[in-house]
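The following note is intended for a colleague who is opening this structure for the first time. Please read the numbered points alongside the display.

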Amino acid sequence: MSTQALPRRTRFRARATAGLTALLLPLAAMVGLASPAQAAASATATYTKVADWGSGFEGKWTVKNTGTTTLSSWTVEWDFPSGTSVTSAWDATVTSSGTHWTGKNVGWNGTLAPGASVSFGFNGTGTGSPSNCKLNGGSCDGGSVPGDTAPTAPGTPAASDITDTSVKLTWAAATDDKGVKNYDVLRGGTRVATVTGLTYTDTGLTAGTDYSYTVQARDTADQTGPVSGARAVRTTGGGTDPGPGPAPGSKVNLGYFTNWGVYGRNYHVKNLVTSGSAAKITHINYAFGNVQNGKCTIGDAYADYDKAYTADQSVDGKADTWDQPLRGNFNQLRKLKAQYPHIKVLWSFGGWTWSGGFGQAVQNPAAFAQSCYDLVEDPRWADVFDGIDLDWEYPNACGLSCDTSGPAAFKNMMQAMRAKFGAKNLVTAAVTADASSGGKIDAADYGGAAQYIDWYNVMTYDFFGAWAAKGPTAPHSPLTSYPGIPQEGFNSAEAIAKFKAKGVPSTKLLLGIGFYGRGWTGVTQKEPGGTATGPAQGTYEQGIEDYKVLKNSCPANGTVAGTAYAHCGTNWWSYDTPATVTSKMGWAKNQGLGGAFFWEFSGDTANGELVSAISSGLK
């Protein structure tokens, strides 16, 4: 189905799942393989024909470790009949010699623990089916995996001799049954050097900039092993001010404040004070500025800087005058920061409806960054903002519209933003949580861009909702997978794991919490997985409702995958409660994440229950 188009003033994100029914073709049926055998080092490879459109098809290989020891790499080989070939592939390096094809793991998905599986996909032409499958040189039916083993992971690199433009890295050696030949040094997931020793000095860096390094060993057969742990490095220079980020060891608690909330929702900056939330948050993302004609532009001039506030509506109890130079939300945020100087404010650009302009903007990243800097640092409100947030939904993938900028466009944009905004300003991005194989996380170079950002707001919500009007009912913000989940890779844990695997440091990942629920009507089944007749009625639009309403109108009566759900009459809702938020914060701390963020303030209760749960849960 197509992704649901949503009004700008609600701006919740919808994710579409493929509407194609997978045709599973067991490889054993095609090549006469025996049933899987269990061994200390055994694995299976099975083939799925996902789609067929006559002139071509989409195929998928799934490798599963059926043994009791970890596999450190995998290679699948097969033959296609003449006239059938692979035209493009993802999540593996696919090569051919005549009609013989080989798919080898990429750096982040080579390691398979016992029981784990991984898939890679490809598009092809022709009508043939694969035959003569081999997995790591052996049978694909689960027999023992023979041959040379890949190297182990090197030690997490240590950083020393850090200057404005360089850093020295040192790591513990990897091991291999036939010897380690050399090491690949990766910065932000991209290889920058191959060395034979256990140290490397990276030069030509930017002062006051964050980088992330990992190391990967190669053996004498040129097999690569798993990457090491990531080492975050910030170069010196760029000013003596430590910048607007959180203090070392502290956690980010960031909320989105929407400029359109001052209208129908009647939610204003002062509500952050009266709810008690202002004392508990660390950052605010002000949403949204627009992206038009290659530039950052004002989103709502009246709400942003023109609306006059009366004394009773104002943060400090003082009314705006007709001739003061700045009014609206910007002036109220200025007053909020005067009372709560620990709060940092970022101006967020894009969002669901306004992401269509990014494709044009990134054709000239430097000019785009300059336009954003000029707007954020406008003298009328420069003191209000501490940085910029880019909410592109989604680079090189589809949201309300589809983008074809290529996988490097996002990295190029963030590099230009950091170069322009410098070390003293925050540069962040809201990013997809689609961890499915070949999904949105795989579509852009988020690992490479991580060196330029302070953190990613990982949008771990809106995985499922009533844009699938008939169901199945499913929690829109599952922390983990669960039996019967409608789409693999659509949960918070897998999204965070995939970003880590791509080289993003844990401390640069924030877990997303929705202050709202998504729901269906016409549902008879209490547990997830029921059928429905359409979206449940909501205050502002169908299928969506604020937490502050749902806690009373449809109290939670079940939990699944770390989040709550409620079956009330024929309505079925899923949403987070203070209890599930607290549990999610415990998980985030155990994962070493930088904190959490939420969409958005007006969905919370008048006394800020959910903000309080995030704050206490992160301590």
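1. The model is predicted, so local features need pLDDT of at least 70 and side-chain atom pairs count only at pLDDT 80 or more, while totals for chains, interfaces and linings use all residues. Residues are numbered from 1 along each chain as its sequence is written, and side-chain values use heavy atoms, leaving out hydrogens and water.

2. The protein chain holds 13 helices and 33 strands, which are DSSP runs (H or I of at least four residues for helices, E of at least two for strands) numbered from the N terminus.

3. The count of aromatic pairs is 46; rings of Phe, Tyr and Trp (its six-membered ring) pair if their centres lie within 6.5 Å, with planes under 30 degrees apart stacked, over 60 edge-to-face and the rest tilted. Y446 and Y456 form an edge-to-face pair, because their ring centres are 6.0 Å apart and their planes stand at 90°. Since Y446 belongs to helix α9 (residues 446-449) and Y456 to strand β25 (residues 455-458), this pair ties together parts 10 residues apart in sequence. Y446 is buried at 1% relative accessibility, and Y456 is buried at 0%.

4. One aromatic cluster consists of F257, Y267, Y286, Y305, F330, W347, F349, W381 and F385. The charged end of R380 sits over the ring of Y305, 5.4 Å from its centre (NZ of Lys or CZ of Arg within 6 Å of the ring centre and within 35 degrees of the ring normal). K307 likewise lies over the face of Y309, 5.1 Å from the ring centre.

Technical notes: Buried means under 20% relative accessible area, exposed over 50%, partly exposed in between (1.4 Å probe, protein chains only).
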